[in-house]
Amino acid sequence: MGKATARPATRDQKAQIELKNRGEIPHHIAIIMDGNGRWAQRRGMPRIAGHKAGVESVRDIVEACGQLGVKYLTLYAFSTENWRRPEDEVSMLMRLLLRALRDETDRLQRNNVRLMAIGDMDTLPPEVRRELDDGIHKTSGNTGLTLVLALSYSGRWDITSAVRRLVGEAAAGRLAPEAVDEKLIGATLSTEGIPDPDLLVRSSGELRISNFLLWQLAYSEIYVTRTCWPSFRREELYDAVRDFQNRERRFGMVSAQIDKKTRLSGFVRKVTDS
Ligand code: FPP
């Protein structure tokens, strides 16, 4: 029998191998997908065309993150504040989301991606909620990348909901004030069980957090690119990861305390996980 000949690696596979050999791949990447509207307007197209093109970027980035070995990817897909946009843009965004969920769940399944969502789910249209629940249920056993969609989400909503729950517990006599610590707060947020992001990426150049994961981003490295989200593809993600690999994450300590070995052992992750 003839020897099986291995297919030569593609340029993209080579880029991924180079990145993995170069340093640590962020465990959790969070992305503020901004600039869809501007991308479309600059091309003389309606804003919704930018959102549609943005879905293509989502597909590419989800696939690339899975291949790189990123464990969590959180996408800011619709903020609490986005409800204030013109009604037709909101309804088109919801329809787009519905279609993306319908079309992409099988692909997520094939790629071993587990879907999760954070945000005020009660405010979503019932059909979006149903499709989302369905996708979450179908992919719940997957062990590769966890894709977290932040929908009708804001950091202040998250913290407010957590405080309300804790105060309720305290008022019922089930929680002593001394028991409230960072670990408990972290476990009461919607991101319970999800490690804090190592890297926050924001497209389209704005230097803002925009009410995203306010508590969870405390020690995340931030990478901002001027590229608008519909043009943000995996090559740019690799640039962000390369940039991340050049950073020294000190978590309030001094350089000497953060030797490379300690960083790679995951010690630092444990310090920040709550
Ligand atoms: C910000 O651009 C983007 C959004 C508010 C929506 C993001 C949604 C998608 C990419 C599509 C659906 C997502 C998934 C997960 C399938 P902007 O409209 O604020 O752009 P601008 O700042 O240029 O106006």
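## Briefing: pocket and helix packing

The largest pocket has a volume of about 950 Å³. This is a predicted model, in which local features need pLDDT of at least 70 and side-chain atom pairs count only at pLDDT 80 or more, while totals for chains, interfaces and linings use all residues. Residues are numbered from 1 along each chain as its sequence is written, and side-chain values use heavy atoms, with hydrogens and water left out.

**The largest pocket**

- A pocket is defined on a 1 Å grid over the protein atoms alone, as an open set of points where a 1.4 Å probe fits, with protein on both sides within 12 Å along at least five of seven lines. A volume is the space filled by probe spheres set on the points, which are joined across faces, edges and corners.
- The lining (residues with an atom within 4 Å of a point) consists of 43 residues, and Met33, Asn36, Tyr76, Ala77 and Phe78 lie nearest the centre of the pocket.
- At least two lining residues come from each of helix 2 (36-42), helix 3 (47-68), strand 2 (72-79), helix 4 (87-110) and strand 4 (146-153). Helices (H or I, at least four residues) and strands (E, at least two) are DSSP runs, numbered from the N terminus.
- Helix 4 gives the most to this lining, with 10 residues.
- By class, the lining has 22 nonpolar, 10 polar and 11 charged residues. Ala, Val, Leu, Ile, Met, Phe, Trp, Tyr, Cys and Pro count as nonpolar, Asp, Glu, Lys and Arg as charged, and the others, Gly among them, as polar.

**Helix 4 with helix 5**

- The axes of helix 4 and helix 5 (residues 126-138) come within 10 Å and cross at roughly 15°. Axes are lines fitted to C-alpha atoms, for helices over the stretch in contact, and angles run from 0 to 180 degrees between N-to-C directions.
- Helix 4 and helix 5 are therefore roughly parallel to each other (angles under 35 degrees count as roughly parallel, over 145 as roughly antiparallel, 65 to 115 as roughly perpendicular and the rest as oblique).
- In helix 4, the residues in contact (heavy atoms within 4.5 Å) include Met94, Leu97 and Leu98, and their partners in helix 5 include Glu127, Val128 and Glu131.
- This contact of helix 4 with helix 5 has six nonpolar, three polar and four charged residues.

**Helix 3 with helix 8**

- Helix 3 and helix 8 (residues 234-245) have axes that come within 9 Å and cross at roughly 50°. That angle makes helix 3 oblique to helix 8.
- Arg234, Leu237 and Tyr238 in helix 8 meet residues of helix 3, including Asp60, Ile61 and Glu63.

**Helix 3 with helix 4**

- Helix 3 packs against helix 4 at an angle of about 25°, with their axes 11 Å apart. That angle makes helix 3 roughly parallel to helix 4.
- Among the residues of helix 3 that meet helix 4 are Arg47, Ile48 and His51.
- The contact of helix 3 with helix 4 has eight nonpolar, one polar and six charged residues.
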